[in-house]
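Here is a friendly walk through a two-chain model, meant to be read with the structure open beside you. Take a look, and then we can go through it piece by piece.

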Amino acid sequence: MTKTVEARYTWGGDEFLFVEITEGMSLESNFISNSIANALESKNLSGLVDICPANASLLIRFNPDVMNYQELEKTVRALEQDVRASARQILNTRIIEIPVWYNDPYTNETGSRFREGYHQRPDGNDLDYAAEVNGLADAAEFIKRHHESPWLVSMVGFVAGLPFLYQLVDQQHQLQVPKYLSPRTDTPALTIGHGGCFSCIYSVRGAGGYQMFGVAAAPIYDPTQNLKDFKDFMVFFKPGDIVKFTPVDEPEYRRIQKEVDAGTFVYRQAPIQFDVGAVLADPEGYNKTMMEALNGI
Amino acid sequence: MGFDIIEPGLSTTVQDQGRIGYYRYGIPQGGSMDQYSASLGNRLVGNTHKEAVLECTYIGPRITMTSDATIAVTGAPVDVFVNGDSVPQYERLSLKSGDELKFGVIKGGTKYFIAVHGGLDVPEVLGSRSTYPIGSIGGVNGRAIAAGDSISIGKKIDNGLPVLQSIPEADRPVFSPTVNVRVMLGLYNHNLSDKGLKKFLDGEWTLTPIADRMGLRYSGPGVEWKKREQPFGAGQDPSNIVDAGYAVGSIQIPGGTQPIILHRDAVSGGGYAMVATVISADMDLVARSSPGTKTRFVSVTMDEALEARREMTARDARIWS
C-alpha cells in the first residue's frame, strides 16, 4: 500500500499561503520545500510577491488583487506533485568554509549575563550544557561534533540574512539542545547559535534564544557591500548552501578580522552538486566527497 | 532644501510603503505602520502614495525648516505647534524657512506621521526608503533620526489631483480604546485544544506596553494546546514548531500565555506556532492600538477578508481622486 504523501495547505490571512511539507524536520522535506520554491519562482507569476522556503515548510506571499488564491493553491499543489515524482533529488549549490572561534570570550561574557531565569544550567557555559544534554564527555567533544560534519542552510530568515543550519548526519547523531528558557535581549553579532536540531549564525547583534557556542570570524550580512562576496547582494547565504565550520584560534580570528577590515577577505567556497539520495544513503562518505571539492580550492 | 532635527523624539523613522519581496532573506517589509494615516498625509501635501514620511512614536521630533515646505500631520491625535502656535492635524500647512515644528502630548494611538511635499529624500535601499534599524538599512543611515540630522526634501511633484486642504472628518481614522480585529484562523490553529481556541476567540485581550513595529503583545485569559508528541526538531513546548516562515500579521502565542501580533518589521520566521492572521484590511487598525486597548479577535473567512480588502481599496481610490 502506498502512503498518501501530501503537504498541508493553510492560509496566513488573505496574503499568505503556508505549505507545511511535514511537521518534523527532515532533509527530504527541506529539499521538497526548496524545490517547490524554485519551480514556483521560475514560473514568474504576476501577483506573486515573495517565496520563503523554510526548514520543512514554505511561506508564499501573493497580492490577492492580482492573483486568485484558489489558482495559486492549485498551481503549488501541482508543483508539489511534480517535485515528489521526480526521481533524482539534485541541487546545484556550493560548499563554503566558515571560520569559527569556538568557546570565545564574547559569547561567554554575554552568556554569563543571562543565567538566572534564562538558562537551564547556572554552572558552566552553553557549550558545557550542550555537551551534557547530548551525553558527550565535554565541551571539546561537542565542538568536534559540531564542526566535523557539514551543515545545510535549510532556511534564511528571522532577521536579515540569518541562516538556519541542519547538520548532514543521521537523525540519531543530530545534536539537539533546548533553547534558552527565556530569550536573551542581547546576542553578539556572528554568534553560532543552536536550538532544537538547528544551528544558526546570528547575522546581526540582537535578541535571541539559541545556545551560544562561538563567533564566526567574517560577516555574513554586509549592507555596505564592501566585501567581494557581497558585491551582488548584502545577504551572503541562500537556502541550499552547504556550510563547513572550521575552528580557528584567537590569532587566526584576529588575522581574518584584519582582512575583513581591509576589505580583502573572501570566503573559501566551491561549487557542488548536492545529491539528497546519496547523502541520506551514506552521510559520512558523501561528506568526504563534498570536503574534497572544498579542499580542491 | 529640507529641515534640521533639533530633537529626534522617542523613535522617529523614515517610512514609506515598504520593502516588499525580501522577506525570504529575513528583511521585513517595513513601511509606515498605519499605512492609511500616512497616505492621507501624502494626499494632503500633493504627493503620490509612494513618498517617504516621518513616522513618530508617542513623542515627536522638534524640527526647524531650512526651506519653505508644504506639510501635513496625520495619524494619532496629538497637539501640533508651528512657532509655538497650535495648528490642526489632517490639514495642509504651509511652512516657511526658519519655522519650528514641534509636538505636544499624544491623546490616543502611538504613531503619527509628518508628510512633506516632495517626500523625504533619503537613498532608496532595495526599492524602499523605509528604515530597518536591525539591518542598518533605509532611512537616515539605517537608523532612527537623531539630533543634528539634516533631511532633504525631494523634488516638486505633480500628482495630477485637485488640491485637498483638509481630510473630511468621516475619512479620518478612529483611535478607539476597544477594537474588534478581524483574523483568519489557520496555520497552526489545529494545535490549540477546543477550549484553547474558544478562549482565543471569546476572550478580551489587552495590549501591553510591549508593542512596537515588530510585534504587539497582548495579555488576557491565555490559551491551551492539545497534548501531543512534539515533532522532531520542534522543541519541547507545545507552542513550539519546527522553525517556519511567519506571515505578516500572524498571531503566535509563546507558552500559550500572551498572543503576539507580528507587524510590519516582523522577524520573518521562527519556532512558535501561529494560530491566526490579521486580515490585510485590519493591519492599520492594529497599528492604531495603544497599550490598554481592549481587543477581540473576530474570525472571518477568506472571502470576507477579500471583501474587506476591496472596501479598503475603494475608499483609497475615492480619496485619491
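This is a predicted model: local features need pLDDT of at least 70, side-chain atom pairs count only at pLDDT 80 or more; totals for chains, interfaces and linings use all residues.

Asn103(A) sits in the loop that runs between strand 5 and helix 3 (105-113) of chain A. Although Asn103(A) is not a glycine, its phi is positive, at about 55°. Is Asn103(A) buried or exposed? Asn103(A) counts as buried, because it has 20 C-beta neighbours inside 10 Å, and 20 or more is what a buried residue needs.

Phe158(A) also deserves a look. Its place is in the loop between strand 6 (151-156) and strand 7 (163-167) of chain A. Phe158(A) is not a glycine, yet it has a positive phi of about 80°. Phe158(A) is buried, with 25 other C-beta atoms within 10 Å.

For chain B the mean pLDDT is 97, and 100% of the residues reach 70 or more. For the complex, the predictor gives an ipTM of 0.97 and a pTM of 0.95.

## The domains of chain A

The domain assignment of chain A gives domain 1 (8-87) and domain 2 (92-295). The C-alpha centres of domain 1 of chain A and domain 2 of chain A are 27 Å apart. Where these domains meet, 10 residues of domain 1 of chain A are in contact with 12 residues of domain 2 of chain A.

Which elements give two or more residues to the side of domain 1 of chain A that touches domain 2 of chain A? They are helix 1 (27-43) and strand 3 (48-53) of chain A. Helix 1 of chain A supplies the largest share of that side, with five residues. Sorted by class, the side of domain 1 of chain A that touches domain 2 of chain A has six nonpolar, three polar and one charged residues.

## Chain B as a whole

Along its principal axes, the C-alpha trace of chain B spans about 65 × 40 × 35 Å.

Of the 321 residues in chain B, 54% are buried. Among the contacts in chain B with a separation of 6 or more, 75% are between residues 24 or more positions apart.

## The domains of chain B

Chain B is divided into domain 1 (2-171) and domain 2 (178-319). The C-alpha centres of domain 1 of chain B and domain 2 of chain B lie 28 Å apart. Here 19 residues of domain 1 of chain B are in contact with 13 residues of domain 2 of chain B.

On the side of domain 1 of chain B that touches domain 2 of chain B, the largest share, four residues, comes from helix 1 (residues 35-45) of chain B. By class, that side of domain 1 of chain B has five nonpolar, 10 polar and four charged residues.

## Where the chains meet

In soluble globular proteins, nonpolar side chains tend to be buried together. In this model, the largest nonpolar core has 129 residues, and those with the most contacts inside it are Val100(A), Leu165(A), Ala216(A), Val183(B) and Val275(B). Strand 5 (residues 90-102) of chain A gives the largest share of this core, six residues. Another core, of 39 residues, lies apart from it and includes Ala52(B), Ile63(B), Ile167(B) and Phe175(B).

Leaving aside its neighbours within four places in sequence, Leu165(A) is in contact with Trp151(A), Leu152(A), Val153(A), Ser154(A), Phe198(A), Ser199(A), Cys200(A) and Val243(A).

Conventions. Residues are numbered from 1 along each chain as its sequence is written. Chains are lettered from A and ligands numbered from 1 in the order in which they are written. Domain bounds come from an automatic or database domain assignment. Two residues are in contact if their C-beta atoms, placed from the backbone, lie within 7 Å. Ala, Val, Leu, Ile, Met, Phe, Trp, Tyr, Cys and Pro count as nonpolar, Asp, Glu, Lys and Arg as charged, and the others, Gly among them, as polar. A nonpolar core is a set of buried Ala, Val, Leu, Ile, Met, Phe, Trp, Tyr and Cys residues joined through C-beta atoms within 7 Å. A residue is buried if 20 or more other C-beta atoms lie within 10 Å of its own, exposed if 12 or fewer, and partly exposed in between; C-beta atoms are placed from the backbone. pLDDT is the predictor's confidence in each residue, from 0 to 100.
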